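Subject: Structure for you to look through

Hello,

Here is the structure you are taking over. Please open it first, then read the notes below it.

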Amino acid sequence: MTMFFTEWMQYSFMKHALVAILLITPLFGILGTMIVERKMAFFSDALGHSALTGIALGVVFGVSDTDRSMLLFAVAFALLLNMLSGRGMAANDTVISVFSSFSIAAGLVILSKGGNFSQYSSLLVGDILSITRTEIFYLAAILFVTLVFWAFCFNSLHAVSIHRTLAKSRRIPVRLMENLFAVLTALIVTVSIKWVGMLIINALLILPAAASRNLSQNLREYHFFSILFSMFSGVVGLLVSYFINAATGPVIVIFAAVIYFITYGYGSKMQ
């Protein structure tokens, strides 16, 4: 058992990755509960796909810091989706799917021009082992901001997710709450893509919260189990991926999916 811990703990990149996992997974666990409740799985998935277009626009306009262009585009993309979804001209999933498809296609066309897409292919699955100490501090700051936001805005967000008209009658700024949540989700998704991967980031947001929903009897349990499942999947997935020499993100998703299936079976028996 001692060798198990000493072998991987001697590497600084593994220590950094572990700290990053302990910061990222609570973010996913917290956000995931509201994303699942508001049926926004397509929304967070579209944000992940929009990263390619953000990078592509940065390349087109000669922006040296593509992370910044990716973040700015994700925020604008999230606000645009919110605006169009609120008009009710088409089903939300249809609007999101159309924009997501266009976004990823446009990004692929621009980035693959001249056969240069290979330098961006790492974003598809991410690499948590490449995270730096400075980036860990950024994650800690985002976690702090998210906790503050949750403490002050959760009740309003929850009311909006239950019934928008009722929330308006209680003088809750519905559109502002929706936009703030969309921007926060865009921020976390975009920042995490580099280490988690755009192909699986939505799964890490949805699976722990969905598994928690199978077991929870109240909101406190819902948040607790979502964060617990997210952190457990992250830590175990990181260690297992190290010993089997596999990409960390997909291994974490596999463990999160296993937890979901277990809780689904347990929840079905309890009904």
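Threonine 53 is buried, because its relative accessible area is 8% (buried means under 20%, exposed over 50%, and partly exposed in between, with a 1.4 Å probe and protein chains only). This residue sits in helix α3, residues 41–60. Setting aside residues up to four places away in sequence, threonine 53 touches Phe73, Ser103, Ile104 and Gly107; contact means heavy atoms within 4.5 Å.

Some background on the source. The model is predicted, local features need pLDDT of at least 70, side-chain atom pairs count only at pLDDT 80 or more, and totals for chains, interfaces and linings use all residues. Residues are numbered from 1 along each chain as its sequence is written, and side-chain values use heavy atoms, with hydrogens and water left out.

The mean pLDDT (the predictor's confidence in each residue, from 0 to 100) is 81, and 87% of the residues reach 70 or more. Where pLDDT is low, the predicted coordinates should not be read in detail.

The protein has 11 helices and 0 strands; these are DSSP runs numbered from the N terminus, H or I of at least four residues for helices and E of at least two for strands. Of its 271 residues, 46% are buried.

The largest nonpolar core has 72 residues, and Phe28, Leu31, Phe43, Ile128, Trp150 and Phe181 touch the most other members. Helix α2 (residues 12–37) gives the most to this core, with 14 residues. A nonpolar core is a set of buried Ala, Val, Leu, Ile, Met, Phe, Trp, Tyr and Cys residues joined through side-chain atoms within 4.5 Å.

There are 9 aromatic pairs in the structure. In one of them, the rings of tryptophan 150 and phenylalanine 181 have centres 6.2 Å apart and planes at 40°, so the pair is tilted. (Rings of Phe, Tyr and Trp, the last by its six-membered ring, pair if their centres lie within 6.5 Å; planes under 30 degrees apart are stacked, over 60 edge-to-face, the rest tilted.) This pair links distant parts of the chain, with tryptophan 150 in helix α6 (residues 133–162) and phenylalanine 181 in helix α8, 31 residues apart. Both residues are buried.

Regards
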